[in-house]
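Colleague: Hi, I'm new to this one. Can you walk me through it?
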Amino acid sequence: MATRNLRHEAKKDDGPVDGATMTRLMDELKLAFTAEFRTFAASLESRLDGIQLAVTDHTQRLASVEDGLNTWSGRMVELEARCTAQDEVIGKLKTKLTDVESRSRRSNIRILGLDESLHSDHPSVFFAEILVEIMGKDVLPEPPELDRCHRMPTPKPAPGSRPRAVIARLHRYRIKETIILEARKRRGKLTYKGKPILIFEDYCPEVVEQRARYRDVMGPLYQRGFKPSLQFPARLVIRTKDGTRMHLPSPKDAEDFLKTRP
């Protein structure tokens with residue numbers, strides 16, 4: 001602004017300007033320019049200081065965020081490791097629980113096909129007599145001793161629907177094994193009052209799920225004469241034509257085996 005004023009004053013005088021006046025004007029212009037430059041420099045310096053403070057603040061905040069992220073990252077790694085360890089523990093506990101439940105069912109059999117109308121106030125005695133009729137007196141000369149016997153604890157099906165299975169716990173394990181072996185030999189031939197009956201082991205749900213994975217390969221293996229059997233809990237063993245026993249670890253292995261035996 002000062003330099004503009006000086007220029008304006010110089011233009012007012014249209015006459016000749018002597019050397020002293022010119023020197024004075026140049027000195028005043030120099031002083032004015034110097035003052036304006038210092039004012040501008042001071043303003044710029046102030047702004048730069050503000051920017052520097054902001055940058056410093058942001059740097060500190062970013063460093064704090066970085067430290068926090070590093071801390072949380074470390075905790076996440078620790079939690080992941082703990083979760084992995086817990087998963088292993090839970091897996092072992094599930095295996096133990098399945099084993100304990102399976103052992104508690106070792107003496108149980110599951111009978112399918114008995115009409116819902118068949119019931120009694122004394123089911124252990126009633127179904128023991130029915131087992132004799134199903135298996136025959138050559139297998140069961142007398143009614144087996146049943147500790148407990150009941151239908152599956154599910155809602156009663158509508159008339160005409162598939163009846164609920166009967167769960168029976170035999171007092172003597174050897175008699176239970178006799179019934180299961182005979183039921184396997186006569187699968188599809190057991191009847192009661194003209195209706196087909198099936199008798200199986202009473203496995204826990206986890207074991208049933210594992211064994212169900214082999215359902216699609218069991219039929220083809222039977223048809224080709226390999227005599228497949230599922231050992232507890234779900235271990236597929238077959239017998240080849242020369243009598244050799246083979247273990248097929250998974251359904252995929254069984255499928256691959258069938259592909260090599262057209």
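This is a predicted model: local features need pLDDT of at least 70, side-chain atom pairs count only at pLDDT 80 or more; totals for chains, interfaces and linings use all residues.

Colleague: Okay, which residues line the largest cavity?
Modeller: The lining is made up of Ala183, Arg186, Arg187, Gly188, Leu190, Ile197, Leu198, Ile199 and Phe200.

Colleague: And what volume does the largest cavity have?
Modeller: About 50 Å³. A search of the whole structure finds one cavity of 30 Å³ or more.

Colleague: Arg186 is in that lining list. What does Arg186 form a salt bridge with?
Modeller: With Glu182, and the closest N and O atoms are 3.5 Å apart. Glu182 is buried, at a relative accessible area of 19%, while Arg186 is partly exposed at 23%.

Colleague: How many salt bridges does the count come to?
Modeller: The count comes to 12 salt bridges. One of them pairs Asp202 with Arg105, with the closest N and O atoms 3.2 Å apart. That pair links distant parts of the chain, 97 residues apart. Asp202 is in the loop between strand E6 (198-201) and helix H5 (205-212), and Arg105 is in the loop between helix H2 (19-104) and strand E1 (108-112).

Colleague: Is Asp202 buried or exposed?
Modeller: Asp202 counts as buried, because its relative accessibility is 5% and the cut-off for buried is under 20%.

Colleague: Why would side chains like these pair at all?
Modeller: Opposite charges can pair when the charged atoms come close.

Colleague: Which residues do shared partners join into one network?
Modeller: Glu101, Arg105, Arg110 and Asp202, through salt bridges that share partners.

Colleague: Let's talk about H3. Which residues in H3 are buried?
Modeller: Phe127, Ala128, Ile130, Leu131, Val132, Ile134 and Met135.

Colleague: What covers the buried residues of H3?
Modeller: The cover includes E1, strand E2 (146-151), strand E3 (166-170), helix H4 (173-185), strand E4 (191-192) and E6.

Colleague: How far apart are the end C-alpha atoms of H3?
Modeller: They are 18 Å apart. At 1.5 Å a residue, the 13 residues of H3 should span 18 Å, so the two values agree. Just after H3, Gly136 takes a positive phi of about 95 degrees.

Colleague: Which residues other than glycine have a positive phi?
Modeller: Lys193 is one of them, with a phi of about 55 degrees. Lys193 sits in the loop between E4 and E5 and is exposed, with a relative accessible area of 67%. Lys227 also has a positive phi, near 45 degrees. Its place is the loop between helix H6 (215-223) and E7, and at 60% relative accessibility Lys227 counts as exposed.

Colleague: Are Cys149 and Cys204 buried or exposed?
Modeller: Cys149 is buried, at 8% relative accessibility, and Cys204 is buried as well, at 0%.

Colleague: Which peptide bond is cis?
Modeller: The one from Phe232 to Pro233 is cis, with omega near -5 degrees. Pro233 lies in the loop between strand E7 (229-231) and E8.

Colleague: Last one: where is Thr240?
Modeller: Thr240 is in the loop between strand E8 (235-239) and strand E9 (245-248). Thr240 is buried, with a relative accessible area of 14%.

Colleague: And what does Thr240 touch?
Modeller: Leaving out residues up to four places away in sequence, Thr240 touches Phe226 and Met246.

Notes:
Residues are numbered from 1 along each chain as its sequence is written. Side-chain values use heavy atoms; hydrogens and water are left out. A salt bridge is a side-chain nitrogen of Lys or Arg within 4 Å of a carboxyl oxygen of Asp or Glu. Helices (H or I, at least four residues) and strands (E, at least two) are DSSP runs, numbered from the N terminus. Buried means under 20% relative accessible area, exposed over 50%, partly exposed in between (1.4 Å probe, protein chains only). The expected span of a helix is 1.5 Å times one less than its number of residues. Contact means heavy atoms within 4.5 Å. On a 1 Å grid over the protein atoms alone, a cavity is a set of points where a 1.4 Å probe fits but cannot get out, and a pocket is an open set with protein on both sides within 12 Å along at least five of seven lines; lining residues have an atom within 4 Å of a point. Grid points are joined across faces, edges and corners, and a volume is the space filled by probe spheres set on the points.
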